[in-house]
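Biologist: I'd like to learn how to read a few features of a model like this one. Can we go through them together?

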Amino acid sequence: MSDAKAIRYAVVGGGWISQAAFMPAVAQTGNSTITALVTGDPEKAASLGERYRLTTFSYDRYAEALASGLFDAVYLALPNGMHRDYAVPALEAGIHVLLEKPMATSVAECEAIIAAAERGNARLMLAYRLHFEPGTLDAIERVRTGAIGEPLVFTATFGQHVATENHRAHQGYWAGPVPDMGTYPINAVRNLFADEPVEVHAHGARRPGSPYAFHGTVAVTLRFPGDRLAQFTVSYETDSVDAYRIAGTEGDLLMAPGFTFGQSLAGELTRGGETEALSYPSVDQFGAETRYFSDCILNGRVPEPDGEEGLADVRILAAIERALETGQPQALAPMRRRTRPDASQAIALPEITPPDLVNAAKPGG
């Protein structure tokens, strides 16, 4: 990490995740700073602009912001359907993009974002915060080095109540529980198995009186090469639940919780009848991913969770959508991922205390 220069970020989208997690975390990265904010909310512009000493822009001045020279990179945390329209012009302008998951709402949109990064010679990283979280990386390393034998089965449950007034409740499948929450078990099992699925099955449930114009709960099965199976259920209708388990020929590994931030991750490794408790201190996952991305920019490295990683998940999300619409399993073309997260990426920054929020709330209200 270079101390000679800090990467200057514009925050595009001033919602809960930006205000509660990203913006306060940047100060402890050591190689990053925030210089601008793009938001459609005048109150956020005034209050957050004063708090962080930012130049603020409305969305209709986005082109002006990109041409301002005020920032080197953007952290893009808009609703999923807006990702392509804001990532592409930034990348084409040579501005680096740290893009929240899921990458976009179609494979074609992902490919357009990747092509824009190539045209603009700009770095693109997906904000997979768990790729830098020590507990997650320890789980991957243990499975990778044979701690449970050959991994064969993965299961996960991830649920929360999402308030009906939240934007996620009103934008169809691509703002629903599968892209919003299912990306986590999909990304986890892809990297725990170190492979890509070849077939997708999905079943959705709509409860009577549900406020959602989509399946509020969805169960998915992924088939991997070697007849390995992954199953997960995601929901906007349950109490908070967050856990995954991977079982192999010689043991199993449980992480509960395994996907969250703002609290400690924990789990158990069982092998030969002996169980080892696993515990990992809560760390600032947003500061870690930002420090890593800034380091990549400063030192000319391609980030590990790049556009291809985002595309690998979105093609599965798109297949789940087709499976829900047709009631039929969906085949996936073979894919080989060029790189995977590893233990060297772990970054343990102190957990932050979220500041007061301006016109923003957690999805659960």
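## Rings, charges and a cavity

Modeller: Let's begin with one side chain, and keep in mind that this is a predicted model. Phe22 counts as buried, since its relative accessibility is 0%.

Biologist: Which ring does Phe22 pair with, and how do I read the geometry?

Modeller: In general, two numbers describe a pair of aromatic rings: how far apart the centres are and the angle of the planes. The structure holds 17 aromatic pairs. For Phe22 and Tyr75, the centres are 3.8 Å apart and the planes are at 5 degrees, so this pair is stacked. It links distant parts of the chain, with Phe22 in helix α1 and Tyr75 in strand β4, 53 residues apart.

Biologist: Is Tyr75 buried or exposed?

Modeller: Tyr75 is buried, with a relative accessible area of 0%. Tyr75 is also one of the residues that Ser18 touches, and others there include Val11, Gly13 and Ala77. Ser18 itself sits in helix α1 and is buried, again with a relative accessible area of 0%.

Biologist: What does the pair of Tyr59 and Tyr86 look like?

Modeller: The ring centres of Tyr59 and Tyr86 are 5.8 Å apart and the planes are at 75 degrees; planes over 60 degrees apart count as edge-to-face, so that is what this pair is. Tyr59 lies in the loop between β3 and α3, while Tyr86 is in helix α4, so the pair ties together parts 27 residues apart in sequence. Tyr59 counts as partly exposed at 27% relative accessibility, whereas Tyr86 counts as buried at 13%.

Biologist: Which rings are linked into a cluster?

Modeller: Ring pairs join Phe154, Phe158, Tyr184, Tyr244 and Phe259 into a cluster.

Biologist: Where does an arginine lie over a ring face?

Modeller: Take Arg228, which lies over the face of Phe193 at 5.0 Å from the ring centre. Arg301 lies over the face of Tyr292, at 5.7 Å from the ring centre.

Biologist: And how do I read empty space?

Modeller: Roll a probe the size of a water molecule over the atoms, and you see where empty space is left. Here there is one cavity of 30 Å³ or more, and the largest cavity has a volume of about 200 Å³. Of the 19 residues lining it, Leu130, His131, Thr136, Asn187 and Ala188 are the closest to its centre.

Biologist: Which element gives the most to that lining?

Modeller: That's α7, with six residues. The lining of the largest cavity divides into eleven nonpolar, six polar and two charged residues.

Key. Residues are numbered from 1 along each chain as its sequence is written. This is a predicted model: local features need pLDDT of at least 70, side-chain atom pairs count only at pLDDT 80 or more; totals for chains, interfaces and linings use all residues. Side-chain values use heavy atoms; hydrogens and water are left out. On a 1 Å grid over the protein atoms alone, a cavity is a set of points where a 1.4 Å probe fits but cannot get out, and a pocket is an open set with protein on both sides within 12 Å along at least five of seven lines; lining residues have an atom within 4 Å of a point. Grid points are joined across faces, edges and corners, and a volume is the space filled by probe spheres set on the points. Helices (H or I, at least four residues) and strands (E, at least two) are DSSP runs, numbered from the N terminus. Ala, Val, Leu, Ile, Met, Phe, Trp, Tyr, Cys and Pro count as nonpolar, Asp, Glu, Lys and Arg as charged, and the others, Gly among them, as polar. Buried means under 20% relative accessible area, exposed over 50%, partly exposed in between (1.4 Å probe, protein chains only). Contact means heavy atoms within 4.5 Å. Rings of Phe, Tyr and Trp (its six-membered ring) pair if their centres lie within 6.5 Å; planes under 30 degrees apart count as stacked, over 60 as edge-to-face and the rest as tilted. A charge sits over a ring if NZ of Lys or CZ of Arg is within 6 Å of the ring centre and within 35 degrees of the ring normal. Lists of a residue's contacts leave out its neighbours within four places in sequence.
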